[in-house]
Amino acid sequence: MSDNMNVGAMLTEQLDRLFEKSVTRTVLVDAEAGKLPEALWAELENIGVTYALVPEESGGVGLSWADTVGVWQAIGFHAAPVPLGETMIGRWALALAGIDIPEGPLAIAEDLLQLDAAGALHGDGIKLPWADQAGHFVAVAQGQDGLRLCLVRRADVVSAPAATISRIPCGRLSLAKVAPVAVAPLPAALGPLGLLAHLAVLRATQMGGCLDRLLALCVDYGNTRVQFGKPLGKFQAIQHMIATLAEQAAAARVAGAFGCRSLDKGDPEFGAAVAKIQVGQSATAAAAIAHQVFGAMGVTDEHSLHFFTRRLWQWRDEGESEHWWAERLGRYVVSAGSAALWPNLINW
């Protein structure tokens with residue numbers, strides 16, 4: 001095992017312990033009301049995980065994307081109500097672009113902005129998770145001479161609350177002649193889609209961790225809930241559902257890890273497509289199974305199940321949906337021609 005893999009494993013272990021202690025029901029409810037858990041964020045900064053992807057020469061840890069799989073899965077497993085993944089990716093991108101990294105959490109704009117000749121940003125209806133909890137956000141903008149990476153101060157942008165099924169705080173931004181804090185040419189490592197593919201892989205990997213949590217909840221419930229004189233998990237129908245859920249969780253974990261490895265190989269678009277397509281399908285099936293296992297109890301606000309299934313439904317659509325990625329992947333395969341299909345499958 002390489003040194004970086006060891007560091008990634010240690011970070012994952014630290015995060016699991018930290019989230020287990022800190023992500024309580026009260027913290028989850030408060031976060032959905034717009035209150036960032038500042039004590040938790042301070043501990044995340046203290047252990048250095050927010051700089052995990054930043055190259056060592058820029059003051060970071062220098063982990064690969066594959067080294068951070070466990071970190072992102074831990075976020076999903078605990079439904080940690082902090083923009084940790086977004087901050088990790090945002091700081092990495094800023095470091096590559098040579099832009100000074102600001103303190104505090106970062107958000108990432110999924111939509112492409114416009115950069116005019118005077119260097120001002122424009123965009124309307126831009127959806128931004130964690131908009132009011134992050135002091136800055138990172139965005140990709142189309143300029144007159146190509147794509148640019150921009151750092152924007154949140155306070156400089158008009159925002160209205162945007163409702164989400166996950167209830168995670170989200171803003172709808174309107175930018176008209178907004179001056180960014182810094183602008184730089186889009187680093188080649190980001191690829192033609194900017195940060196979209198990286199955000200998609202983040203969401204897919206988080207969803208893999210969240211599916212593991214659904215599986216753990218269902219197994220525990222099946223072992224402890226008694227119906228007709230025996231544990232619910234002894235019924236063959238329930239066993240079959242939980243086994244199917246386990247299959248979907250395993251497929252999601254592998255797909256998320258594949259997406260991260262593809263980022264390391266410099267092939268972000270294909271990795272994101274595979275991860276988002278598979279994990280989106282797995283999440284749809286697994287969430288339905290979990291609610292079937294729990295029955296009426298699983299839809300009550302008092303039970304914790306909804307914190308995880310609502311995250312799944314939200315993340316399924318962020319970083320573009322599996323349907324969007326499937327169409328893009330299909331167009332790529334068709335445009336390459338039939339003669340390239342088998343060689344590409346081997347290389348992938």
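Predicted model: local features only at pLDDT ≥ 70, side-chain atom pairs only at ≥ 80, totals over all residues.

1. Let's start with α4 and α5. Helix α4 covers residues 69-78, and its axis comes within 10 Å of the axis of α5, with a crossing angle of roughly 150 degrees. An angle over 145 degrees counts as roughly antiparallel, so α4 is described that way relative to α5. On the α4 side the contact is made by Val 71, Trp 72 and Ile 75, while α5 supplies Leu 84, Gly 85, Met 88 and Ile 89. By class, these residues divide into 6 nonpolar, 1 polar and no charged.

2. Next comes the pairing of α5 with α6. Helix α5 spans residues 84-97 and helix α6 spans residues 196-224; their axes come within 10 Å and cross at roughly 150 degrees. That angle makes α5 roughly antiparallel to α6. The crossing of α5 past α6 is right-handed. From α5, the residues Gly 85, Glu 86, Ile 89 and Trp 92 meet His 198, Leu 199, Leu 202 and Arg 203 of α6. Here the class count is 4 nonpolar, 2 polar and 2 charged residues.

3. Staying in α5, is Gly 90 buried or exposed? Gly 90, which lies in this helix, has a relative accessible area of 0%, so it counts as buried. For Leu 106, which is 16 residues away along the chain, the C-alpha atom is separated from that of Gly 90 by 6.5 Å.

4. Finally, have a look at Arg 311, located in helix α9, residues 305-317. Its relative accessibility is 1%, and because buried means under 20%, Arg 311 counts as buried. Which backbone atom does the side chain of Arg 311 reach? It is the backbone oxygen of Ser 166, at 3.3 Å. Setting aside residues up to four places away in sequence, Arg 311 touches Leu 28, Glu 32, Ala 79, Pro 81, Ser 166 and Ile 168.

Notes
Residues numbered from 1 in each chain as written. Heavy atoms only, no water. Helix = DSSP H or I, 4+ residues; strand = E, 2+ residues; numbered from the N terminus. Buried < 20%, exposed > 50% of the residue type's maximum accessible area, 1.4 Å probe, protein only. Polar contact = N/O pair within 3.5 Å; in protein donor to acceptor, adjacent residues only side chain to side chain. Contact = heavy atoms within 4.5 Å. Axes fitted to C-alpha atoms, helices over the stretch in contact; angles between N-to-C directions. Parallel < 35°, antiparallel > 145°, perpendicular 65-115°, else oblique. Left-handed = near helix turned anticlockwise from the far one by under 90°. Nonpolar A, V, L, I, M, F, W, Y, C, P; charged D, E, K, R; others polar.
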